[in-house]
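Please keep the view open while you go through the points.

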Amino acid sequence: MNKNTFLSELSRKLRRLPVEEQQNAINYYTEYFMDAGVGELDDVTPIVGSVDEVSARIIDECTEKQVEIVKSEGGIKNSTKAIWLVILGIFAAPIALPIAIAVVAVVFAILVSVIAVIAALIAASFGVLVAGVAAFPAIFWAETTSQAMVIIGIVCMCIALGVLFCIAFYQLGKLIVIGIIELFRSIGKNRKNKTKVEGGVSE
């Protein structure tokens with residue numbers, strides 16, 4: 001495979017990556033071939049590997065960077081991007097399409113379940129917070145100072161617990177999502193390594 005065909009195929013394989021990542025990869029290999037003095041008709045596969053291997057490696061690197069972003073910044077957008085990259089990595093792995101589809105379906109089902117549970121817990125925690133704020137006016141209706149103090153205590157406890165649980169469940173959800181991402185990344189990597197070993201044995 002000459003360099004032009006390689007770059008064309010690589011661009012096609014990476015088309016679902018963010019545009020910036022695609023361009024960086026194409027620019028890197030274009031410059032690499034120029035620096036190496038590769039001719040128009042030279043076979044580049046012995047130099048850089050097959051398009052499938054290179055695209056899978058690039059997707060892995062992009063996933064690694066995105067997981068680090070999720071760990072440091074969190075956020076639904078970052079997590080969604082990381083999950084998408086994991087899915088791309090699964091399809092890029094040298095495994096049968098039905099197996100890849102099954103793995104992606106499992107990933108999706110687990111994530112939906114986790115997100116639903118965490119969202120419900122955060123909503124319940126927010127409800128406790130709102131209840132505490134809503135109870136604050138009751139202080140002015142207290143007939144005695146002791147009643148007012150009890151109400152103040154309940155209000156403060158509800159607000160504190162609501163905020164604490166919201167933060168705690170958000171962080172828990174973040175850790176679970178990262179754990180799921182890492183789990184399925186490791187499955188994909190193990191499958192790739194197994195395929196390489198089998199390929200080496202068959203050769």
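The points below take up the salt bridges and then the cysteines.

1. A word on the basis. This is a predicted model, in which local features need pLDDT of at least 70 and side-chain atom pairs count only at pLDDT 80 or more, while totals for chains, interfaces and linings use all residues. Residues are numbered from 1 along each chain as its sequence is written, and side-chain values use heavy atoms, with hydrogens and water left out.

2. How many salt bridges are there? The count is four, where a salt bridge is a side-chain nitrogen of Lys or Arg within 4 Å of a carboxyl oxygen of Asp or Glu.

3. Helices here are DSSP runs (H or I, at least four residues), numbered from the N terminus. Is Lys3 buried or exposed? Lys3 is buried, at a relative accessible area of 13%, whereas Glu40 is partly exposed at 48%. For these words, buried means under 20% relative accessible area, exposed means over 50%, and partly exposed lies in between (1.4 Å probe, protein chains only).

4. Glu9 and Arg12 form a salt bridge in which the closest N and O atoms are 2.9 Å apart. About one helical turn separates the two, because they are three residues apart in helix 1. Glu9 is partly exposed, with 27% relative accessibility, and Arg12 is partly exposed too, with 41%.

5. Which side chain does Glu21 meet in a salt bridge? The partner is Lys65, at 3.5 Å from N to O. Glu21 belongs to helix 2 and Lys65 to helix 4 (residues 51–73), so this pair ties together parts that are 44 residues apart in sequence. Lys65 is partly exposed, at 47% relative accessibility.

6. Finally, the cysteines. A disulfide is a covalent bond between the sulfur atoms of two cysteines; the rule used here asks for a pair of cysteine sulfur atoms within 2.5 Å. By that rule there are zero disulfides. Cys158 is in none, and the nearest cysteine sulfur, which belongs to Cys156, is 9.5 Å away. Cys158 is buried at 17% relative accessibility, and Cys62 is buried at 7%.
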